[in-house]
Amino acid sequence: MKKKEKNNSLTFSWSGHSDCGTVRKNNEDAFLGLLIDYSGVRYLGKIGEADSAAADFVFAVSDGMGGANAGEFASKIAVEKITKILPSFFHRNAGGYSEAMENVLREVFAEIHRALDYLGSSYEECRDMGATLSLCWFTPHWLYFGHVGDSRIYRLPENGPMTQITEDDTYVGWLYRNGQINEREAKNHPRRNVLQKSLGSGHQFAEPQVGAIALEPGDRFLLCTDGVTDGLYDERLEEFLRESQDDPGKNIVRLAVEASGRDNATAMVIDVLDPSAK
């Protein structure tokens with residue numbers, strides 16, 4: 001996996017939003033945007049734009065689960081752990097793809113898994129608490145991603161079809177990937193929400209899916225929880241993402257809630273821009 005590096009940096013713009021939906025009273029989803037540079041880390045707003053010349057950007061969505069308020073607590077722990085762990089690994093990676101950065105993501109997921117597991121086994125009110133996590137770490141020319149659960153990361157290049165770059169950690173997801181059921185059957189399968197892997201929840205192992213993608217100007221990425229994909233088919237998501245609009249994260253969540261609303265819905269849209277094209 002090699003790519004000729006460019007001298008110019010890229011610009012990232014982002015839009016994120018979360019909604020309880022029309023059925024649930026509390027929101028067990030959480031999302032995160034961070035800018036990391038030599039001075040430290042700072043939280044990003046729901047909407048923004050910034051250059052990658054001297055900073056990395058981290059975006060993540062998490063869907064919590066557990067009794068009482070444990071699910072809401074679990075997703076918050078997941079994103080807070082990212083904030084504490086990743087900044088210590090920041091460095092300006094001038095060369096290109098780095099396998100070490102994928103190993104950092106594995107350690108981040110392992111640390112979150114240990115924290116949720118400890119709380120779940122130590123406190124009755126936290127029993128069986130767990131969370132999904134889909135994370136994107138943007139460096140000047142590479143995206144490093146990590147994933148556990150059934151939240152998703154999609155990539156839409158400027159020229160080419162949209163692809164789901166994460167794999168749902170469900171039996172239904174396995175059936176769909178292997179062509180044994182179609183998308184409609186997957187959405188209506190009675191076991192569609194049964195996770196085979198999550199952070200915490202008493203799972204002994206939670207090895208994340210990790211990978212890297214060489215970035216190109218015009219790339220658009222979508223991170224979302226299953227409350228978004230519950231009501232929206234991939235074809236509709238791609239159609240929407242190809243449209244140019246303000247605050248796409250909020251609008252995707254609005255569409256998802258209108259289409260279903262049975263679950264919390266969270267979406268983040270990140271655009272990779274060429275500053276010289278402005």
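**Figure 1. The crossing of helices H1 and H2.** In this predicted model, helix H1 and helix H2 cross in a right-handed manner. Helix H1 covers residues 70–85 and helix H2 covers residues 99–122. Their axes come within 10 Å and cross at roughly 140 degrees. That angle makes H1 oblique to H2, because only angles over 145 degrees would count as roughly antiparallel.

**Figure 2. Residues in the contact of H1 with H2.** From H1, the contact is made by Phe73, Ala74, Ile77, Ala78, Lys81, Ile82 and Ile85. From H2, Val108, Glu111, Ile112, Ala115, Leu116 and Leu119 take part. Sorted by type, the residues of this contact are 11 nonpolar, no polar and 2 charged. Lys81 and Glu111 count as charged, because Lys and Glu belong to that class.

**Figure 3. The salt bridge between Arg220 and Asp271.** Side chains of opposite charge can pair when their charged atoms come close. Arg220 and Asp271 form a salt bridge in which the closest N and O atoms are 2.6 Å apart. Arg220 lies in strand E13 (residues 220–224) and Asp271 in strand E14 (residues 265–273), so the pair ties together parts that are 51 residues apart in sequence. Arg220 is buried, with a relative accessible area of 10%. Asp271 is also buried, at 14% relative accessibility. Both values fall under the 20% cut-off, which means that both residues count as buried.

Figure 4. A search of the whole structure finds 17 salt bridges.

**Figure 5. The salt bridge between Glu167 and Arg177.** The side chains of Glu167 and Arg177 meet in a salt bridge, with an N to O distance of 3.8 Å. Glu167 lies in the loop between strand E10 (163–164) and helix H3 (171–177), while Arg177 is in helix H3, so the pair ties together parts that are 10 residues apart in sequence. Glu167 counts as partly exposed, at 41% relative accessibility. Arg177 is likewise partly exposed, at 37% relative accessibility.

**Figure 6. The salt bridge between Glu28 and Arg24.** The side chains of Glu28 and Arg24 form a salt bridge, at 3.4 Å from N to O.

**Figure 7. Asp128, a residue with a positive phi.** Asp128 is not a glycine, yet its phi is positive, at about 70 degrees. Where does Asp128 lie? Its place is the loop between H2 and strand E6 (130–131). With 53% relative accessibility, Asp128 counts as exposed, because the cut-off for exposed is over 50%.

**Figure 8. Asp247, a residue with a positive phi.** The phi of Asp247 is positive, at about 50 degrees, although Asp247 is not a glycine. Asp247 is in the loop between helix H6 (234–241) and helix H7 (248–259). The relative accessible area of Asp247 is 22%, and the residue is partly exposed.

How values were computed. Residues are numbered from 1 along each chain as its sequence is written. This is a predicted model: local features need pLDDT of at least 70, side-chain atom pairs count only at pLDDT 80 or more; totals for chains, interfaces and linings use all residues. Side-chain values use heavy atoms; hydrogens and water are left out. A salt bridge is a side-chain nitrogen of Lys or Arg within 4 Å of a carboxyl oxygen of Asp or Glu. Helices (H or I, at least four residues) and strands (E, at least two) are DSSP runs, numbered from the N terminus. Buried means under 20% relative accessible area, exposed over 50%, partly exposed in between (1.4 Å probe, protein chains only). Axes are lines fitted to C-alpha atoms, for helices over the stretch in contact, and angles run from 0 to 180 degrees between N-to-C directions. Angles under 35 degrees count as roughly parallel, over 145 as roughly antiparallel, 65 to 115 as roughly perpendicular and the rest as oblique. A crossing is left-handed if the near helix is turned anticlockwise from the far one by less than a right angle, and right-handed if clockwise. Contact means heavy atoms within 4.5 Å.
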